[in-house]
Amino acid sequence: MSEPPGAAVSLAEAPPADEPSKPLTAQRVQPLRRPWRWIATAVVLVLAVQFVHGLATNPFYQWDRFGYWFLRPTILDGLLITLEVAAYSAVLGLIGGILLALARLSKSPVLRAVSWTYVWALRSIPLIVVLLFLYNFSALYRTLSVGVPFGPAFFSFDESKLATDMVVAVVGLSLNEAAYAAEVVRGGILSVDQGQHEAASALGLPKSYQFRRIVFPQALRSITPNYVNQLIGLIKSTSLVFYVSLLDLFGSAQTMGSTYPGDIVPLLLVVTVWYLILTSVVSVIQFYVERYYARGATRSLPPTPIQRLRTGLTDLRARIRREAAV
Amino acid sequence: MSAKTLEPSTDITPAAVEVHDVHKWYGANRVLDGVDLTVRPGEVTVILGPSGSGKSTLLRVINHLEKPEIGYVSVNGELIGVKRRGERSEVGVPPAEGRGRLKELSERAILAQRSRIGFVFQNFNLFPHLTVLDNVAAAPVATGRLAKPEALELARELLDRVGLGEKTGAYPRQLSGGQQQRVAIARALALRPGVILFDEPTSALDPELVGEVLAVIKDLATSGTTLVIVTHEIGFAREVADRVVFIDAGKIVEQGPPHEVLDKPQHERTRDFLSKVL
């Protein structure tokens, strides 16, 4: 008796639409009126329209100059640098994060302590300070050498040749990223049920197989959203590499802005729109990666936007047909 | 590693499972307090006991998911998790007669030993991100015993045997509890273990699903596989067990054929327990 009206209607909807379903429609419950919801919606809509109108009509934004700058080679070169720095740091940071997380979860107290200290230190030092430190690193250590500790060196590198601006930027961002990724990865690994570890070792699966094929793929389900969050932060942090004299997207706009002071606002808009695009691309990738790793975790996969649109249209058509029948 | 390949001069074939004076404690809590147990090849042993009596721990000690503090376990004549210092091979040496200090085995060696002992968990612990077929085929491939196509072939065969030949492409969470547990049994069988340990295999199941899992275990019991089963299903124990072991407070209180232990229990604690569960 307590069946919701929606269910009853959709049951009635199951036979072809031309069949009238009088006894059920006669009992249809009138939905509750919600005036405050309508008022709040109207207010928000008015504010949103006002904002967009301001954005489009205020001469302050100089949309013509925006159009001029948006695809300028200087800006695109900067964008390329941003992408390059972000991609290298994301990969190196994730690898570093996985290693740090494994060290933190290991049974060796030394490894645990080193990992903890690294994360503690790198999360405490502002990224800009790390970058500037590295930038001045070649003054501190003139050569880097590989050899026996405190003993003879086998190879040595001239620091000033090794540490290009690009290398400094990538190393700085990766060091910082690894500290945050370590905690994301550790959280993901801890989220995997203890029974999975037990089942894997009861089957005698080799240790590396247990991690690569059993634990990590399941951990990725909770790692993905957190790491993407991290990644978006990283993409925006690349704007700091301007301070180690690398001309990224923000850096190029900044330089152009000091040459053409009148164009600062459109240049900032150009930067904003490009960052928005980058973040959107990452979010779309995130959706599909999450969907991939949801296999088996849920009974059915969440629909893709296209699938959702299709079912939405089918539902709408059915509803219109139903209303017409009433 | 099979005992049958040894010379007949040893008059006793090694026990399928031998637990020798095993003690296990967590802090001040004594979980196992000097347990001795011998399971002969092909025998079906059912372990009964109240909650917290140490029966699951005993099972987990057998495949070294838990390390005993004192004592040792051997399966088919091979010491589990440890070796005797200085001895090259343990095969065929009755462990109780060996001398010398015990030394922990490498993790890799322990994993190799575990792959010869089947284990079925109360909560199935199937790998949720792998299909049913891959769950069963994973271990033979990962341990290097079979190539992928043969492993998949074997997995299909075993899934057929537990009545799930139709479900190979499903993910574990799309199955009922009873079906998941049958997949878990197929997964254990894929390594062709000499002994299979069951840790309350039906305790997490809805009552109407218990039968299908017990039927599969019964089928294994009649096929001559050595089974050690921790369960609360007294009726099942009576039907399939060659021997029933009653354990309480970390000690084996009594053991024997089901008609003796279940129908004419000698000890007060066994009587007490049976009166509560029957």
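**Figure 1. Residues at the contact of helices H5 and H6 in chain B.** In this predicted model, helix H5(B) contributes B:Gly177, B:Gly178, B:Gln181, B:Arg182 and B:Ile185, which meet B:Leu209, B:Glu212, B:Val213 and B:Val216 of H6(B). Sorted by class, the residues of this contact comprise four nonpolar, three polar and two charged.

**Figure 2. Geometry of helices H5 and H6 in chain B.** Two packed helices are described by the angle between their axes and the distance between the axes. Helix H5 spans residues 177–189 of chain B and helix H6 spans residues 207–222 of chain B; their axes cross at roughly 15° and come within 8 Å. Because angles under 35 degrees count as roughly parallel, H5(B) and H6(B) are roughly parallel to each other. The crossing in which H5(B) passes H6(B) is right-handed.

**Figure 3. Geometry of helices H6 and H10 in chain A.** Helix H6 of chain A covers residues 109–124 and helix H10 of chain A covers residues 165–190; the two pack with their axes 9 Å apart, at an angle of about 120°. This angle makes H6(A) oblique to H10(A). H6(A) passes H10(A) in a left-handed crossing.

**Figure 4. Residues at the contact of helices H6 and H10 in chain A.** On the side of H6(A), the contact is made by A:Ser115, A:Tyr118, A:Val119, A:Leu122 and A:Arg123. On the side of H10(A), A:Leu175, A:Asn176, A:Ala179, A:Tyr180, A:Ala182 and A:Glu183 take part. The contact of H6(A) with H10(A) has seven nonpolar residues, together with two polar and two charged ones.

Technical notes. Residues are numbered from 1 along each chain as its sequence is written. Chains are lettered from A and ligands numbered from 1 in the order in which they are written. This is a predicted model: local features need pLDDT of at least 70, side-chain atom pairs count only at pLDDT 80 or more; totals for chains, interfaces and linings use all residues. Axes are lines fitted to C-alpha atoms, for helices over the stretch in contact, and angles run from 0 to 180 degrees between N-to-C directions. Helices (H or I, at least four residues) and strands (E, at least two) are DSSP runs, numbered from the N terminus. Angles under 35 degrees count as roughly parallel, over 145 as roughly antiparallel, 65 to 115 as roughly perpendicular and the rest as oblique. A crossing is left-handed if the near helix is turned anticlockwise from the far one by less than a right angle, and right-handed if clockwise. Two residues are in contact if their C-beta atoms, placed from the backbone, lie within 7 Å. Ala, Val, Leu, Ile, Met, Phe, Trp, Tyr, Cys and Pro count as nonpolar, Asp, Glu, Lys and Arg as charged, and the others, Gly among them, as polar.
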